[in-house]
Amino acid sequence: MRRGYVLETSFQDHDKLVWAFGGGKGGAGRTLLSTTLGILLAKEGRDVVIFDGDLECANAHTALGMRQPQKTLSDFIRGKTQDINEIAVPTPFRNLRLISSSGDSISSVSPSSSVKNRLIKQVGSIACAHLFADIGPGLSSWPVDLFLEGDIQVIVITPEPTAVETAYNFIRMFIYRKIKNLLGDPRLEETVKAEFTGIGTRGLNDVMERVLELVSVSDKSAADRIIKSIGEMELKLVVNQTLDRHDKHIGPAICEIVNKFYGIRIDYAGFIPFDERVALSLRRGRPFIAEYETSETAACFSVTLRELLNSASARSRKRQLNFMAS
Amino acid sequence: MIRNARHLDLHEILNLRPDAEPEDIERAYLHLTTIYSENSRAAYGALSDEERRWMVKRIQEAYEALMIRAGAVAETRQSAQGRKQISQSPGVPVRSDGHISAGQDAYKQGRNPPGGANHGGELAIKADSQLSAKAVTGAHLRNIRIAKGATLDDISAATKVKKSYLEAIESDNPQRFPAPVFMKGFLKAYAKALGLNPDEISEKYLHREQ
């Protein structure tokens, strides 16, 4: 949920959890993870909506074993409907609905930034207990800003260096956008942007320290907001398609690096082993989790879901305590 | 303040609690050097080259400093607890400071120990006098250990260094160590347990290796 800084601990939206699945690299498994965990959670009786945030190559419906829905985000974008909840269509799974961005039209491909901003605001009005946002690939403002809306922010990677490299870029971009959104002064934004351009040689630790120095000179409260908000960040990491034990070690190792050098906190939430039945069931038009409910891979999805839920409730308790203490 | 690796202390760098045992330090060191190595898949695209190199150096420093510190703590604890481990072993006299007693205390008396204060027998004199040479070999160290009546198990118990590593030191086999710094740390602990000067031994032993 988008929350103003002041509202951050005020429980305005405590009845809805937004799960964001990002990471930047196409094909890493965000759609697989968001739909599978969505199905599992809905099965437990929770009211879940999957929001297909991949405007350009939407296929969460296919991953759920559905045809393209009649109503999609393009209806909303084109003004055919004013209430985003009207385009949350039922899926073959009880308690699970889908907001598909798959559409017809050219209009939903690369919508203007004002449309994207409107969409992001609308994410808050989707009525459900759990909103699963499947974030599209890339590092542009749409995927990154949508990811920023998450209460549970999950980075999904595969163990390949391509996905690892992109995930680091995605996290850096995410931190940059987060800081930028807290500034509200175009000149300061430019300064910060210039500093972040030097990340490749100087590293994020140094860049952030410099940014804080610069920001606090002209806007002390903005600097405090940045410190607080970076300090509260808690990303989660899931590694998909692991083949061997080396692959299983890569997740905790990435967390180690990010925790020390990126100024934010990231926790390892689990791995999903490579399983060709995932692809085979997709070809048959059935979600893997529905076909192989009792497989070991399915157990890995469940463990990951549990891990994410536990950390979300621990975090909400912490917020609650902070709120009561303040 | 936003967290920054440059502000982390020795334990934090290795993700250790302040009361970490030498085995924990060893494990953390090995684990982290892998993560931050040049060919690490996990670090791919994560850090600037300067940051990565800085971290590798910092891990090394933290490891060495904590191993030495842990060795000193273990020694104090040992002497406080009555130095049971070593004194149980027959024939190994234990000095009041917890070191295995030597014929001479090479640590204090330097390269040319006088023969007068000899409690450890001829072999010990012979062995200790080998230390005045420019180079120290694993065989020298083994001789000193045997002269002092200590087994590898005694030394391993006293230093918390695995027996296999002690054997590697005595057989001059640096390949057994995952990284040179391991050998250095363990060698120092080993020398200390024998009552020798850790820095001097490590210098003479490793210098020869190179």
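# A guided tour of a predicted two-chain model

Begin with the contact between the chains, to which chain B gives 17 residues and chain A gives 24 residues; two residues are in contact if their C-beta atoms, placed from the backbone, lie within 7 Å. On the side of chain B that touches chain A, there are nine nonpolar, three polar and five charged residues. In this division Ala, Val, Leu, Ile, Met, Phe, Trp, Tyr, Cys and Pro count as nonpolar, Asp, Glu, Lys and Arg as charged, and the others, Gly among them, as polar.

This is a predicted model, in which local features need pLDDT of at least 70 and side-chain atom pairs count only at pLDDT 80 or more, while totals for chains, interfaces and linings use all residues. Residues are numbered from 1 along each chain as its sequence is written, and chains are lettered from A and ligands numbered from 1 in the order in which they are written.

## The sheet of chain A

Next, select the strands of chain A. Helices (H or I, at least four residues) and strands (E, at least two) are DSSP runs, numbered from the N terminus. An open sheet of eight strands has the order 3-4-2-5-1-6-7-8, with mixed pairing; two strands pair if DSSP finds at least two bridges between them. Strand 3 (88–90) and strand 8 (265–273) of chain A are at the edges with a single partner strand each, so one side of each has no neighbour in the sheet. From one strand to the next, the twist averages 25°. Angles here run from 0 to 180 degrees between N-to-C directions, and axes are lines fitted to C-alpha atoms, for helices over the stretch in contact.

Now select strand 2 (residues 48–53) of chain A. Which strand is joined to strand 2 of chain A by six bridges? The partner is strand 5 (residues 130–135) of chain A, and the two run parallel. Val48(A) has His130(A) as its bridge partner in strand 5 of chain A, and Asp52(A) has Asp134(A). Strand 2 of chain A also pairs with strand 4 (residues 96–99) of chain A, in the parallel sense over four bridges. There, Ile99(A) is the bridge partner of Phe51(A).

Six of the six residues of strand 2 of chain A are buried. A residue is buried if 20 or more other C-beta atoms lie within 10 Å of its own, exposed if 12 or fewer, and partly exposed in between. In a regular strand the side chains alternate between the two faces of the sheet. Val48(A), Ile50(A) and Asp52(A) point one way, whereas Val49(A), Phe51(A) and Gly53(A) point the other way.

Select Asn95(A) in the loop between strand 3 and strand 4 of chain A. Asn95(A) is not a glycine, although its phi is positive, about 70°. Asn95(A) is buried, with 20 other C-beta atoms within 10 Å. Then go to Gln241(A), in strand 7 (residues 234–242) of chain A. Gln241(A) also has a positive phi, of about 60°, without being a glycine. Its 20 C-beta neighbours inside 10 Å make Gln241(A) count as buried.

## The cores

Turn to the largest nonpolar core, which has 116 residues. Such a core is a set of buried Ala, Val, Leu, Ile, Met, Phe, Trp, Tyr and Cys residues joined through C-beta atoms within 7 Å. The residues with the most contacts inside this core are Trp19(A), Ala133(A), Val154(A) and Ile257(A). Helix 6 (residues 161–181) of chain A gives the core its largest share, eleven residues. Another core, of 25 residues, lies apart from it and includes Val136(B), Leu166(B), Tyr190(B) and Ala193(B).

Center the view on Ala133(A): the residues it touches include Val18(A), Phe51(A), Val123(A) and Leu146(A).

## The helices of chain B

Finally, show chain B, which has eleven helices and zero strands. Of its 210 residues, 39% count as buried.

Select helix 8 (residues 152–159) and helix 9 (residues 163–170) of chain B, whose axes come within 9 Å and cross at roughly 115°. Where these two helices meet, Leu152(B), Asp153(B), Ile155(B) and Ser156(B) of helix 8 face Lys163(B), Leu166(B) and Glu167(B) of helix 9. By class, the residues of this contact are three nonpolar, one polar and three charged.

End at Ala157(B), in helix 8 of chain B. Is Ala157(B) buried or exposed? Ala157(B) counts as buried, with 20 C-beta neighbours inside 10 Å. The C-alpha atoms of Ala157(B) and Leu10(B) are separated by 25 Å, and these residues are 147 residues apart along the chain.

Conventions: Lists of a residue's contacts leave out its neighbours within four places in sequence.
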